[in-house]
Amino acid sequence: MSALEIRDIRKSYGSVETLKGIDIALQSGEFLVLLGSSGCGKSTLLNIIAGLAEATSGDVLVGGRSILGVHPKNRDIAMVFQSYALYPNLTVHRNIGFGLEMRGVPADERDRAVHEAAKLLQIETLLDRKPSQLSGGQRQRVAIGRALVRKPQVFLFDEPLSNLDAKLRLEMRTELKRLHQMLQTTIVYVTHDQIEAMTLATRIAVMRDGRIEQLGTPEEIYDQPATLYVAGFVGAPSMNMLQAVFTDGKLAIADTDVRIPVPARYRNSARDGARVVVGIRPEALRVATGAATDLSLPVEIEVVELTGPELVTTARIGPQRLTACLPPRTRLAKSQTCSFAFDETALRLFDPATGKAFPDQSSRV
Amino acid sequence: MSGTWMTTRAWLLMLPLLVVMLAVIGWPLADTVGLSFTDAKLVGTGGNFVGFDNYANMLSSANFSRTLVTTTLFAVISVAAEMVIGVLAALLLNQQFHGRAILRALMILPWALPTVVNATLWRLIYNPEYGALNAALTQLHLIDAYRSWLGEPGKALAALIVADCWKNFPLVALIALAALQAVPRDITAASLVDGAGAFNRFRFVILPYLAGPLMVALVLRTIEAFKVFDIIWVMTRGGPANSTRTLSILVYQEAFSFQRAGSGASLALIVTLLVTVLAIAYAALVRKTAGSAA
């Protein structure tokens with residue numbers, strides 16, 4: 001039995017459909033990240049699970065029990081909000097124990113649970129303070145404590161790290177990962193930050209226009225994006241997309257004489273003359289040394305940016321641009337010509353007409 | 001630019017205002033203080049210096065203590081009722097429903113009407129011969145015969161309080177409604193998930209955001225209610241049997257009806273002092289509320 005099951009959830013506001021049939025089943029202990037840009041419907045879906053918004057149709061089950069129409073307090077879920085949503089006039093202690101207090105849990109039991117959560121989150125010394133006396137990171141810990149203390153079946157996180165600065169966000173991300181590994185709780189986490197999604201999730205649902213574009217493990221999402229949208233959305237710098245045509249069993253890069261072999265796993269998809277988008281991650285490219293091979297692209301360097309751990313290089317291949325993440329010691333200069341080599345396994349082919357990846361015979365996505 | 005020049009310039013810019021304020025407030029106040037130490041009549045000579053006699057006579061008179069009780073009763077009950085009704089109205093008008101915008105606009109109407117119009121309206125409603133209240137209560141079989149709501153000492157003050165509430169609760173409702181817009185949606189949602197019912201949601205989530213603005217409304221309304229004159233003057237003129245006479249009415253009667261300008265001036269200054277004490281106490285409360293909400 002799934003810890004959380006979302007069945008064909010739809011949501012309309014008048015004639016505008018914001019969720020167009022979402023199906024997800026989560027096993028206990030899974031960390032699902034709903035990833036997408038603003039307005040894709042991820043927060044709406046979270047609010048429907050929480051009971052803060054009503055679905056137009058479909059069902060949500062927690063532990064096999066339908067919870068649509070059930071009051072939020074009786075859904076056996078806890079939620080952490082982007083704005084922390086702490087009660088400003090209550091101390092940290094009462095904020096954390098508020099859910100238990102409202103459920104009539106005796107004071108001594110409540111106090112024990114609050115101290116347990118505070119210890120876990122390292123905020124024991126802050127229990128007598130008011131939220132206004134806390135930093136952003138401390139507030140978020142309190143908000144997490146308030147959710148933890150109730151020990152619900154499912155935790156919902158609505159962009160919990162968005163209000164923190166970059167350094168704190170990194171710290172809290174690691175903290176969340178540690179907590180999940182320790183407690184093995186079931187989590188649904190909304191974010192538009194792909195790094196958060198990649199680092200935290202056991203599975204990611206990439207959402208777009210009210211639909212799930214792809215649902216898979218972080219590795220699947222990154223290495224085998226199902227659509228051009230996912231390929232472009234996940235990864236920074238994003239995946240290179242080269243326009244090409246299937247020609248005589250090769251991939252002819254548009255407006256150049258460059259031909260690269262069609263990877264064996266895509267041979268069944270290759271229809272001579274058909275247009276194709278060749279996807280390759282920037283970090284899969286390296287500067288070729290020695291004689292040119294079939295698996296290389298001749299380029300002219302345009303811009304070189306040293307970020308510290310890597311050298312982000314923008315180059316041209318004919319009229320098209322290509323980005324490569326190279327080792328920081330690589331010696332390259334503007335207008336220099338060279339070749340970028342890659343492994344055949346790094347290529348991902350997409351149909352530009354449908355935006356979907358061509359079937360990959362070596363894996364199931 | 002030096003601090004001294006900035007300070008001088010600030011005083012120079014404020015000078016015209018200070019002159020006008022001295023002319024329209026300072027001078028009459030000083031004149032009233034002077035007058036309060038005399039036995040001057042409204043018409044005639046300037047009167048003789050009598051020291052604190054006017055104050056002593058006024059503070060020890062039964063009229064004054066009875067009027068102070070009436071004024072306090074009027075202020076406390078009407079302001080408390082306005083607060084409760086105003087907050088309830090604001091909570092209602094903060095809900096999503098069809099016709100909310102029209103209802104919000106209609107609610108402001110009693111407050112927007114001039115007090116004299118409002119008072120005249122309520123006099124008609126309370127009229128012992130053809131008043132709407134008598135008609136409604138008779139038809140509902142709640143009373144057997146028409147009553148003189150403003151003519152009976154036991155009922156007149158209550159009738160005035162109802163009229164005053166009707167006039168002033170929209171101000172409290174407006175302030176509360178504005179404050180309700182500041183309650184973060186996430187906190188309300190968090191309290192729902194945490195299992196807070198309607199009462200606890202109001203107590204722990206909404207009230208902290210309402211407290212500061214409501215305190216301001218409380219200060220304004222209490223001071224206004226304490227020095228109320230117009231609505232009472234139009235409706236009862238302080239009667240029957242002085243049962244609705246408030247301090248401001250007493251000042252008017254003393255100074256203009258009985259033409260005792262010196263005595264009236266001393267009473268006016270006592271009222272001013274009482275209102276000032278109230279204002280200072282409330283200002284301290286507002287600061288404390290704002291401090292604890294931060």
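Helices (H or I, at least four residues) and strands (E, at least two) are taken here as DSSP runs, numbered from the N terminus. With that settled, here's a quick tour of this predicted model. UniProt, in an unreviewed entry, puts the feature "domain: ABC transporter" on residues 4-234 of chain A.

**Domains of chain A**
- Chain A splits into domain 1 (4-233) and domain 2 (240-350).
- There are 39 Å between the C-alpha centres of domain 1 and domain 2 of chain A.
- Contacts between them involve 4 residues of domain 1 and 5 residues of domain 2 of chain A.
- On the domain 1 side, that's 3 nonpolar, 1 polar and no charged residues.

**The six-stranded sheet**
- Chain A has an open sheet of 6 strands in the order E6-E7-E8-E3-E9-E10, and the pairing is mixed.
- E6 and strand E10 (211-216) of chain A are the edges, each pairing on one side only.
- From one strand to the next, the twist averages 20 degrees.
- Strands E7 (residues 154-158) and E8 (residues 186-191) of chain A run parallel, paired over 5 bridges.
- Asp158(A) has Val190(A) in E8(A) as its bridge partner.
- Helix H4 (residues 136-148) of chain A lies across E6 and E7 of chain A, at about 175 degrees to E6(A).

**Where chain A meets chain B**
- The contact takes in 19 residues of chain A and 15 residues of chain B.
- Strand E6 (77-80) and helix H2 (92-102) of chain A are the elements giving two or more residues to chain A's side.
- By class, chain A's side has 13 nonpolar, 4 polar and 2 charged residues.

Technical notes:
Residues are numbered from 1 along each chain as its sequence is written. Chains are lettered from A and ligands numbered from 1 in the order in which they are written. This is a predicted model: local features need pLDDT of at least 70, side-chain atom pairs count only at pLDDT 80 or more; totals for chains, interfaces and linings use all residues. Two residues are in contact if their C-beta atoms, placed from the backbone, lie within 7 Å. Ala, Val, Leu, Ile, Met, Phe, Trp, Tyr, Cys and Pro count as nonpolar, Asp, Glu, Lys and Arg as charged, and the others, Gly among them, as polar. UniProt positions are given in the numbering used here, feature names are shortened, and annotations may be inferred rather than shown by experiment. Domain bounds come from an automatic or database domain assignment. Two strands pair if DSSP finds at least two bridges between them. Axes are lines fitted to C-alpha atoms, for helices over the stretch in contact, and angles run from 0 to 180 degrees between N-to-C directions.
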